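Please open the model in a viewer and keep the selection panel at hand.

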Amino acid sequence: MQQNQPSLILRIKNKIRFWFQKYPSFFSIFRWTILSVFLGLLIGSASAGFLQSLNWATDFRESHLWIIAFLPICGFGIGLVYHYYGKEVVAGNNLLIDTIHKPKKTIPFIMAPFVYLGTIATHFFGGSAGREGTALQMAGAIADQFSKPLKLSKSDRKILLIAAVAGGFGSVFGTPLAGAIFALEFFLIGKINYKAIFPAFLTSIFADIVTKLWDTPHTIYEIDSVPTITFSMVLYAILGGILFGICAAIFSKLSHQTGILFKTKISYPPFRPLIGGIIVAAAIWMIGTTKYIGLGIPTIVDSFENQLPIYDFAIKMAFTIITLSAGFKGGEVTPLFFIGATLGSALSLFIPLPTALLAGMGFVAVFSGATNTPIACTLMGIELFGIESGVYIAIACVVSYLLSGHHSIYNSQKIGEPKHVFFSKEKGKRLHEL
């Protein structure tokens, strides 16, 4: 019996190998399901911890406003840490995109704790930033540590990183479908990598489940009135999309130009967030409100309920551009939600669509134009606001995407398919090469 046992084990192994070779799709589904569950557990837990820390930092700051005076010192500290210990990961989301395009050495794990601590500090002391950049970088850094132990090929490593991005995005916003499509769209303009579609969806779904299991709530937005779709209503939605696309392009362009300005005028990197912190802290003191710093969730919620002034989006844009261009940490997406929602709310003065609907359209459409991810943003709008507003959301996101041109908050995005025939010569180029 003992002599037959090795041959029995060998036969079983051969049988398994035979079935996996005969049905490779089954093997792929099995393998990526296991990996997606594992990634979802890690990334979902990381997102939950991050979101809860962020809520604590925001609550503490709003209860102790004097702490904003220390924003310049916070910026100097973040600058010092990244200058001396984090040069390899300072590129942030662009490093993730570069690694997906051309996988080289493993993303340093220090990216995760550095961006986590930097973002919490930015919000704690009063910077204007988001959270998606942190979630994506934490997820990518965590996932890439397993590419060598698992002996993944370059192709599989790309899929692993795309799945990680999906998990980070889906769990931090509570939108698993949008998270999956965002990960498939965000690194290559105009094309989707279908090889990663299964692990992207599965990881995003699992990560979202895990984040919710940690009792981490997400903000609820409501669009209470959606008009019947008519010819004139579609034209109004297109008009809104045009304005949202222009806004997205302005934000992207000003962000990069301001970043260049900080780099050219201030040679020592730690001094950049120091100066940026002084500007932001002084501006907060002068205007006498904190509504334009941090995530700005209360104002976003208010934009769905009331018609806000036209200047809200512009002030938030200025605060965010200075904060992030100077070198503070965090994402751009939640500030883009603020900018888009308040702009949409204000546009209801001129565009005869419900205020809440225009706020919801702007919420995702400005994000769509600034990241070149129209399908993900459409799905996000449907997940957040309901299918009833889906047609208006889709029109705004697609038009904004087209109107924003080849601009983006992610300079390492590659043009897979130009938006217009006039830009055909730009196909295959990175945005920073244009």
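The radius of gyration is taken over C-alpha atoms, and the globule rule is 2.2 Å times the number of residues to the power 0.38. By that rule a compact globule of 434 residues would have a radius of gyration near 22 Å, and the protein agrees, with 22 Å. This is a predicted model, in which local features need pLDDT of at least 70, side-chain atom pairs count only at pLDDT 80 or more, and totals for chains, interfaces and linings use all residues. Residues are numbered from 1 along each chain as its sequence is written, and side-chain values use heavy atoms, with hydrogens and water left out.

Select the C-alpha trace: along its principal axes it spans about 85 × 55 × 50 Å.

Colour next by accessibility. Of the 434 residues, 56% count as buried, that is, under 20% relative accessible area, with exposed over 50% and partly exposed in between (1.4 Å probe, protein chains only).

Now select Lys151, in the loop between helix 6 (132-144) and helix 7 (154-173). Its phi is near 55 degrees, a positive value in a residue other than glycine. Lys151 is exposed, at a relative accessible area of 75%.

Proceed to Asp215, in the loop between helix 9 (197-213) and helix 10 (231-265). Here phi is near 60 degrees, again positive in a non-glycine residue. With 65% relative accessibility, Asp215 counts as exposed.

Terms used
Helix = DSSP H or I, 4+ residues; strand = E, 2+ residues; numbered from the N terminus.
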